[in-house]
Amino acid sequence: MAAAGRGGRRGGRPTLEEVAARAGVGRGTVSRVVNGSPRVSPRTRAVVERAIAELGYVPHGAARALAADRTDAVALVIPEPETRLFAEPYFSGIVRGVGAGLADTDLQLLLILVRTPKERERLGQYLAAHRVDGVLLVSVHQDDPLPDLLSRLELPAVLSGRRSARETVPYVDSDNAGGARAAVRHLLERGRRVVATVAGPPDMYAAQCRLAGYREALADAGHGADEALIVPADFTEDGGRRAMAALLDRRPDVDAVFAASDVMAAGALAVLRERGRRVPADVALVGFDDSAVARHLDPPLTSVRQPIEEMGRAMARVLVEELGERSRERPQLVLPTELVVRESS
C-alpha cells in the first residue's frame, strides 16, 4: 500500500486540479498563480500558494507552458534542400550559433527543412496551429512568402539576412557590400586589372549587396564594370564551376575572380586548375564567408569573414527578447565583415 504523502494525500504527483480543489478556486486561477499572472488578487494568491505548499505541488514544464499558451519550442527553418544544408558551412555555423544562443534557456530547437511547395504548405499549417513560439528563418529569397506569413500569424520571427533594403521583419545580417568592396579593392591593389565575379543568386539580397560592393570597388578605382565579367550562380560548388567556365570562355584574359561564397570559389578553383591556370600566379581568387572550405583549399583561400556563429547567437538572442516582450522595437542588426588574406591572392 502506498504511503500517505504531504497533506494526507496518498502517493503520486499532485495535480493542478487537486491544488484547485484544496484552494477552493478554479483550475485557471491556479494556472495564473503558477505563471505569475498579475490578474489574481493577493488574498487568492495566498490561498493558492498555501495549497501548493500543503500538497507539495511542483508545476510540470509542459503543463506550465500550456497554461501560459506557450510551447517552449522555436523552429529554425531552412528553405533549402538537404544537399545545401550539409555541403555549405554557412548553415552549420548558423545552427551552432543558434544552439549556443538558446543553451541557457528552456526553449527546444526544432530544425525544419522546406524543399518543396507541399512542404511549404505543410509548414504554413504547422505554424498557423502555433506549434512553436517563434521562428528563425535562414536563406531568405526575395519572393519568399514565409516572412509575410509569420507577420500575419503574429508569430515572433528573426531572419538571417533580409529580402530587401526595406525589410520589416527583425533580422541579423552581415555587411555584405562592405565585405565585397574590401575583397575587390584588395585584388586591384595587388595589380589585377581584369577582375571578374562569380555572383550569388539574383533573387537573394545578400548576393545583390555583394555584387553592388564589387561594382562600387571598381568604380572607386576608376574602372567600369564589364558585364561579361559578371556571372551569377547559386552558392553551390557546381554553380561555381559552371560560372568559372563561362567566364574563361568569355574573357580568357581574366586575372582575378571574386566569388560570392567560399563554396563557389572551390568550384572556380577546380576549373582554373583544369584549364591550366595557376592560382594566384595567373588568376587571383577571393571568396566570401571565411569558412573551413577557405582554410582547406590548396592554395588556402583569401576570403571575407562574416561572423556566422555570432549571427546565429544574435538571432537567438533577438528572438528570446521578442518572446519575452522586452523589446517593442523591430531589431535589425548588421554585423561587420573582415578580409582574411591567404595565399590564393
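**Figure 1. Ser 291 and the residues it touches.** Leaving out residues up to four places away in sequence, Ser 291 touches Pro 89 and Asp 262. You'll find Ser 291 in the loop between strand 9 (284-289) and helix 13 (292-296). Is Ser 291 buried or exposed? With a relative accessibility of 8%, Ser 291 counts as buried. Keep in mind, here and in every other view, that this is a predicted model.

**Figure 2. Asp 290, a residue with a positive phi.** Asp 290 sits in the loop between strand 9 and helix 13. Its phi is positive, about 50 degrees, although Asp 290 is not a glycine. Asp 290 has a relative accessible area of 8%, so it is buried.

**Figure 3. Glu 154, another non-glycine with a positive phi.** What is the phi of Glu 154? The angle is positive, at about 55 degrees, and Glu 154 isn't a glycine either. Look for Glu 154 in the loop between helix 8 (146-152) and strand 4 (157-160). Glu 154 counts as exposed because its relative accessibility is 71%, and the cut-off for exposed is over 50%.

**Figure 4. An aromatic pair, Tyr 90 and Phe 91.** To describe a pair of aromatic rings, you give the distance of the centres and the angle of the planes. How buried are the two partners? Tyr 90 is buried, with a relative accessible area of 16%. Phe 91 is buried too, with a value of 2%.

Figure 5. Pro 280 belongs to the loop between helix 12 (262-274) and strand 9. The peptide bond to zoom in on runs from Val 279 to Pro 280. This bond is cis, with omega near 10 degrees.

Figure 6. Which residue does a cis peptide bond join to Pro 299? The partner is Asp 298, and omega for this bond is about 5 degrees. Pro 299 itself lies in the loop between helix 13 and strand 10 (302-305).

**Figure 7. Leu 285 and its contacts.** Leu 285 is part of strand 9. Its relative accessible area is 0%, so Leu 285 is buried. What does Leu 285 touch, if you skip residues up to four places away in sequence? Among its contacts are Val 257, Ala 265, Ala 268 and Leu 269. The list also includes Val 279, Leu 301 and Thr 302, along with Ser 344 and Ser 345. For a sense of distance, find Val 195 as well: Leu 285 and Val 195 are 90 residues apart in sequence, and their C-alpha atoms are 9.6 Å apart in space.

**Figure 8. Val 318 in helix 14.** Helix 14 covers residues 308-323, and Val 318 is in it. At 4% relative accessibility, Val 318 counts as buried, because anything under 20% goes in that group. Once you set aside its neighbours within four places in sequence, Val 318 is in contact with Val 158, Pro 170, Pro 331 and Leu 333. How far is it from Val 318 to Arg 45, C-alpha to C-alpha? The answer is 33 Å, for two residues that are 273 places apart along the chain.

**Figure 9. Ala 246 in helix 11.** Ala 246 has its place in helix 11, which covers residues 237-250. Its relative accessible area is 24%, so Ala 246 is partly exposed. Along the chain, Ala 246 and Val 198 are 48 residues apart, and 9.9 Å separates their C-alpha atoms.

**Figure 10. Zooming back out to the whole chain.** The protein chain has 14 helices and twelve strands. Its radius of gyration is 27 Å, well over the 20 Å that the globule rule gives for 345 residues, so the chain is more spread out than a compact globule. Of the 345 residues, 50% count as buried. The chain carries 47 positive and 47 negative side chains, and the centres of these two sets lie 6 Å apart.

Notes:
Residues numbered from 1 in each chain as written. Predicted model: local features only at pLDDT ≥ 70, side-chain atom pairs only at ≥ 80, totals over all residues. Heavy atoms only, no water. Helix = DSSP H or I, 4+ residues; strand = E, 2+ residues; numbered from the N terminus. Rg over C-alpha atoms; globule rule 2.2 N^0.38 Å. Buried < 20%, exposed > 50% of the residue type's maximum accessible area, 1.4 Å probe, protein only. Lys, Arg positive; Asp, Glu negative; His and termini not counted. Charge placed at Lys NZ, Arg CZ, Asp CG, Glu CD. Contact = heavy atoms within 4.5 Å.
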